Every structure is written in structure tokens, then in C-alpha cells.
Amino acid sequence: MNQSNTPLFSALKKHAQSNPVQFHIPGHKKGVGADPEFREFMGDNAFSIDMINIAPLDDLHQPTGVIEEAQKLAAEAFGADYTYYSVQGTSGAIITMIMSICLPGDKIIVPRNIHKSIMSAIIFAGAKPVFISPVSDENLGIHHGVTTKSVRRALERHPDAKGILVINPTYYGVCANLKEIVDLAHSYNVPVLVDEAHGVLIHFHTDLPMSAMEAGADMSATSVHKLGGSLTQSSILNVNTKNGFINPQRVQTIFSMLTTTSTSYILLASLDTSRRNLALNGHEIAQHALDLAEYCRAEVNKIEGLYCFGSEILGTEATYDYDPTKITVHIRHLGLTGYDVENWLRDHYNIEVELSDMYNILCLVTPGDTKEDIEILLNALRELASIHYSTGQQHELVVKIPDIPQLSLIPRDAFYGDTEVIPFKESAGRIIAEFIYVYPPGIPILLPGEVISQDNIDYIVDHVEVGLPVKGPEDRTVHQVKVIVETNAIS
């Protein structure tokens, strides 16, 4: 196939140039009916391709024309048998993956440090999660992925699992041995799904970790918008049918069920053109990001009080490989939290970072960055360290979360069950019907269907009292919690 082609984007431009008289949505009618200030800011070109699924432009729900051709080009570029465009972000692709293989009551093996979309999919599907604990990094205060050893134990105990989901790479860019995990799972006739949200560039450069498709995984959800140049909310789902586990027609059906019928052609066009750019220039643009990141890493490690991990962390099952374009700056020795540093960088240098946790900030270096951007960040970090390194009191590094609670109800049954609201501090022994995530490290402490322990309560209350983010429950103060109603025995 000719990767220089952009069948969907070219069709959109051709349609706009014909200047049709439109008696269909969207109601702005090529921008004429839009707010004037917004129209001027966006430009008429953007409005001219904000279209719907009329015949010349194909239909994402049942593609037979230019969208089908664009997806076939993407499949070739990403080494997949089928690729599906998502305008519901990678979250939509992840939910599609899980619902494509899980029926109500089916088991799926998942790491505990999952994105909330994975738990949403488990609830929608009525599946039963089997959790694996990720490996804790006691030097950095973060969690990596799961090990082959832990996957083997899960498969031995649950050979009836319908799938296993792996995060590759993690948010911080670290990878386990994905090929080994895939081969192991397949030996049990279990398909492997990969949350590859932060891995679009790994398809195009050999100095980056192995991609899910290269490792032989069965499906992977990849955020093209995060690192690959497409617009926010545009992602892809890659499918490998060679192992016989995945029915592409069912994947299309599930995807269609979860996708708006008013699909954004601007988002689809950005996927079409980003695929072209990655297919033709992916190695070059990934190399640009790698060069900038390695320079940044080296310079950060010259600053007293700061540390940015690199290849020296490799060598364990959980740290088999890593993506150098993720710049994790460890700031504990400044006597500050990551949240403090994020706010300081914003207030003093107008710098926005990807995330902060208790002990780190994460900066993503992408093909869109320049040497000037990196120098601004480095100058800011040098100033920050000069102010705080000698005066700051080092934070004690504590990376400990309670044990994974007992799962007493399938998450869907708990989420949709009969519930009541009670004081959180009095909830030990009750079955929770909502989510509670604590940041750091972002791993869910309690999920619907799990039994609340006193250790869970103490851990969460401690975080709330020191002002750290606790997310998930309807009561944001976590004074109250929603639990399953207990029924009295009949005497």
C-alpha cells in the first residue's frame, strides 16, 4: 500500500472544495452559523471538513470506502491485521477490547494499577477481575508493570481466564518483557490485550521498547494523540487475528455500540494524516524526540538534588525495557512534593508537566518539542534546585499500599446493586459500591465489590488529612461512602 496516501483527508478536502449546499448537520453550515469569534479563531478550513457520514465520506460504523482504506493503511503501518479508528479516545478502544472477549461472569487478569477505563469495561461486561500487584520501586516511589512470574501464578490459579491485560509501557515509560508474557499466556490459550496508550512511537524506532503487535499480542489500544501528532481524543485499536482468539467482526460491532453516530471527521482526518507522517517519517521524528530527551536527562542529572532515571534501572523482570522520551524527575531531595514542583513551574516559568506525584514530576518529550523548550525546563529546574536543595528537608520515601482487598461481588453487581451511604470511618467489613483511588501512586485502593478493611480506611484517611488527592467516590471529602445494603437473616 502507498503510505503517502491520505484517502479520508483527501476526500474531505475534495468535498469542501466542491462547496456543496448542505441541508444536513452540523448546523454551523461550514462555519456561517457559528459564533463569529470562534469561527475567526478556528478558521474556515476547519469548519469546512467538520462533516457527518454522508456517502462520499464513508461511515466509521460500517466502513466500505475512504475510512476503510485509511484503516487498512493504518493496519499496515502499525503491523496489525486490522486497525480501527477511535474518536472516543483510547478509553473507548480499551473498553472495546475487554467487551470483545468477556461475557458476564468471565475472568480477566489485570494489573492493579489500571486506568479507570479498564474498570469501566469490566463493569459494562460483567466480568470478574483477577488482580496482579505491580512491582513497587522503593527508590523512586512509583510502580512499574507486572512480572512474567506473577502472570504465570495468575494463569496457574485461573486457567479459565478469558484474557490478560498488560500495560506497556507504563505511564512512566517502563516495560516488562511483553513478548515473554504473550508467549506464556498463549501457551494457556489465553489472549493478551495491551494498554499501549503511551506507546505510539515504539512502533517506529528500534531503540524504543517492543510494540504489542510485534510481541504477538492480540489487541492493543494506542493513543496516537498522546505522542503521535493527531488531535486529542483520537486513537486506534490494533488487532492481531493470527492466533485465532479475536473475531474482527465482533470487535467492529462492539466498537460501533460504544461510538457516537456523529463521528468527528476532523479527528478522523488527524488520524489519517498522522499515520502518514509516522509511516513515512516515524524513525526520524522518534529520533528527534529521543535526542532531546537524552540531552534533557543528562542535564537534569547534573543538577544537585534531582535525579532522572535511565537505563540503569533495567535488569529486573519489571524493568525489562524503557522509553527514554519519558522524563521522570525525582524531586524528593528538595524537600518538596511533586505537586509543589508542578505548581512552582507553572507559576514561575509557565511550564505545564504531564503529571506530578508525591516524589516525581513527569515530562513527556515528543516530536513536537524543540531544544528551546528543553532549555526552558532545565533553567527552571536549576533555579528550583538552587533555592530548595540546601534548605529543603528531605521527604521520607514511603511506598506502601494496603493489600488488595477481597472481592466479594462482581464489580457490575456491586456498582448497580442496592446501596446505602454510611460514614467511611465506620465502613470496615462492608462491601464498597464505588471507586477510591489515592494519588500517589494512582492505584485503586477500593473498587466496587471489594470488602473494606481497617487498613484501607486508615491509609485513605491519612492521605485525605495531609491534603493529597483522593479520587473516585461521590463524596469528594470521603466522609461518607456508598456500600452494598446488608440484608438481615430471616429467623
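This is a predicted model: local features need pLDDT of at least 70, side-chain atom pairs count only at pLDDT 80 or more; totals for chains, interfaces and linings use all residues.

User: At roughly what angle do the axes of helix α1 and helix α4 cross?

Analyst: Helices (H or I, at least four residues) and strands (E, at least two) are DSSP runs numbered from the N terminus, and axes are lines fitted to C-alpha atoms, for helices over the stretch in contact, with angles from 0 to 180 degrees between N-to-C directions. The axes of α1 (residues 7–17) and α4 (residues 66–78) come within 7 Å, and they cross at roughly 145°.

User: Why is helix α5 described as largely enclosed by the rest of the structure?

Analyst: A residue is buried under 20% relative accessible area, exposed over 50% and partly exposed in between (1.4 Å probe, protein chains only). In α5 (residues 89–101), the buried residues include Gly-89, Ile-95 and Ile-101. The helix is largely enclosed because the number of buried residues, out of 13, is 12.

User: How many of the 10 residues of helix α6 are buried, and which residue follows the helix?

Analyst: The buried residues of α6 (residues 116–125) include Ser-117, Met-119 and Ala-125. Their count is 7 of 10, so α6 is largely enclosed by the rest of the structure. After the helix, with a positive phi near 75°, comes Gly-126.

User: What is the volume of the largest cavity, and which helix gives the largest share of its lining?

Analyst: On a 1 Å grid over the protein atoms alone, a cavity is a set of points where a 1.4 Å probe fits but cannot get out, and lining residues have an atom within 4 Å of a point. Grid points are joined across faces, edges and corners, and a volume is the space filled by probe spheres set on the points. There are 4 cavities of 30 Å³ or more, and the lining of the largest one divides into 4 nonpolar, 5 polar and no charged residues. The largest cavity has a volume of about 60 Å³, and the largest share of its lining, 3 residues, comes from α11.

User: Is Lys-326 buried or exposed, and which side chain does its own side chain contact?

Analyst: Lys-326 lies in strand β13 (residues 326–330), and at 1% relative accessibility it counts as buried. A polar contact is a pair of N or O atoms within 3.5 Å; within protein, one must be able to donate a hydrogen and the other to accept it, and residues adjacent in sequence count only if both atoms are side-chain atoms. The side chain of Lys-326 makes such a contact, at 2.6 Å, with the side chain of Asp-323.

User: Which backbone oxygen does the side chain of Asn-240 reach?

Analyst: Asn-240 is found in the loop between β10 (235–239) and α11, and its relative accessible area of 7% makes it buried. At 3.5 Å, its side chain reaches the backbone oxygen of Gly-216.

User: Where is Pro-26 found, and what is the omega of the peptide bond from Ile-25 to Pro-26?

Analyst: Most residues other than glycine have a negative phi, and most peptide bonds are trans. Pro-26 is found in the loop between α1 and α2 (36–42). The peptide bond from Ile-25 to Pro-26 is cis, with omega near 5°.

User: What is the phi of Asn-350?

Analyst: Asn-350 is found in the loop between α13 (338–349) and β14 (355–356), and it counts as exposed at 66% relative accessibility. Although Asn-350 is not a glycine, its phi is positive, at about 55°.

Terms used. Residues are numbered from 1 along each chain as its sequence is written. Side-chain values use heavy atoms; hydrogens and water are left out. On a 1 Å grid over the protein atoms alone, a cavity is a set of points where a 1.4 Å probe fits but cannot get out, and a pocket is an open set with protein on both sides within 12 Å along at least five of seven lines; lining residues have an atom within 4 Å of a point. Ala, Val, Leu, Ile, Met, Phe, Trp, Tyr, Cys and Pro count as nonpolar, Asp, Glu, Lys and Arg as charged, and the others, Gly among them, as polar.
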